[in-house]
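Dear colleague,

I am passing on the structure we spoke about, and my notes on it follow below. Please read them alongside the coordinates.

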Amino acid sequence: MKKHNYSAGPCILPQEVFEQSAQALLDFNQSGLSILEISHRSKDFIAVMEEARALVLELLGLEGKGYQVLFLQGGASMEFLRVPYNYMKVGGKAAYLETGTWASNAIKEAQLFGETEVVASSKAANFNYIPKDYTIPADADYFHCTSNNTIFGTQMKSFPKTDVPVICDMSSDIFSRQLDFSQFALIYAGAQKNMGPAGTTLVVIKEELLGKTGRTLPSMMDYQKQIKAESMYNTPAVFPVYASLLTLQWLKKQGGIAGIEQINAAKAALLYAEIDRNPLFEGTAAVEDRSVMNATFLLKDAAQTEKFDALWKAAGISGLNGHRSVGGYRASMYNALPLESVQVLVNAMQELERSI
Ligand code: PMP
């Protein structure tokens, strides 16, 4: 039986994407060849790459606005260094908002390049809220933030208005909610939450802001070279890009981001209402900053852990344990998780309450 998959990533993808991907492993486009054995330069795969890039711009509302789309490798973690390579001027500086472990990792990489000002941090509070009062220095080459804190379950609900280019790690909430994506100079996201399997990273770039650092860049780090090569400077992750295309096509059929945003809001509302109502549980993130994607919560009485774990496992739920650095529970409700799965979790929480 298919599990209710709350994994934080890699995570649930639409069932039809699993089925179509499985078919393409055996016979891609009725070519008599598997997607795994075709050249990335073949006509059929170039069509996949082109459609995926175009669909990203369409879904984000960025068509005709000077943005380029790349599918790179090395995970979102590689963008932690590609970003300073491409945006931090020699002798310049960057501004970072520290809202979680991934933001901290991005900061560590930027510090290797030059002055890196952390404009605000919620580290002292175990990243359970999003700092809001901070100033971005006008002379920063860019401002970097993380839209959704996958581990601690907080999410930026708004982004600063600034003349400094804003760069955002959207790994865990890309394509989940409507935003004015044109406010960002660059958006990146590892595929393995809302877009596809692990193995490729989406990078969406406002092209005119590139090439201004005075640095000589290694080719693989250079966004301009990657753009010129249309994401094929080296062999791209053929299968993850194909599965990402299938997921993007599925998303379009759900009414795009506007359609999925409503379902995501309903899922989060259902679960947070139960966390707040049920006397056995408590949420760990500041209420106003709660993530729609990753809900983190605890049992108030740790002695109930064994019983609750048995209940949700018996209900067919998988992947509910909190990140190893935090403990407790984390329900990751990415785009492909159906509302019914959230109801199953809520039922398990209510069953625990009844059993006491
Ligand atoms: N940023 C965020 C917000 C993440 O959630 C993750 C991974 N879960 C990363 C970066 C790192 O991604 P990767 O493993 O693809 O390098």
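For "binding site", the unreviewed UniProt entry lists Ala76, Ser77, Trp102, Thr150, Asp169, Gln192, Asn234 and Thr235. These positions are spread over 160 residues of sequence, and in space they are also spread, with up to 29.8 Å between C-alpha atoms. Please bear in mind that the model is a predicted one.

I looked at two of the listed residues in more detail. Trp102 sits in helix H4, which comprises residues 101-111, and it counts as buried because it has 22 C-beta neighbours inside 10 Å, where 20 or more is the cut-off. Leaving out residues up to four places away in sequence, Trp102 touches Thr146 as well as Thr150 and Asp169, and these last two are themselves among the positions in the UniProt list.

Gln192, by contrast, is found in the loop that runs between strand S9 (186-190) and strand S10 (201-206). Gln192 is buried, with 25 other C-beta atoms within 10 Å, and, neighbours within four places in sequence aside, its contacts are Gly9, Pro10, Cys11, Pro197 and Ala198.

Turning to the sheet, three strands form an open arrangement in the order S11-S12-S14, with antiparallel pairing. Strand S11 (281-283) and strand S14 (329-332) each have a single partner strand and stand at the edges, so one side of each has no neighbour in the sheet. From one strand to the next, the twist averages 35°. S11 pairs with strand S12 (residues 294-299) in the antiparallel sense over 3 bridges, and Gly283 has Phe297 in S12 as its bridge partner.

Technical notes: Residues numbered from 1 in each chain as written. Predicted model: local features only at pLDDT ≥ 70, side-chain atom pairs only at ≥ 80, totals over all residues. Pairing = 2+ DSSP bridges. Helix = DSSP H or I, 4+ residues; strand = E, 2+ residues; numbered from the N terminus. Axes fitted to C-alpha atoms, helices over the stretch in contact; angles between N-to-C directions. UniProt positions renumbered as here; feature names shortened; annotations may be inferred. Buried ≥ 20, exposed ≤ 12 C-beta atoms within 10 Å, placed from the backbone. Contact = placed C-beta atoms within 7 Å.
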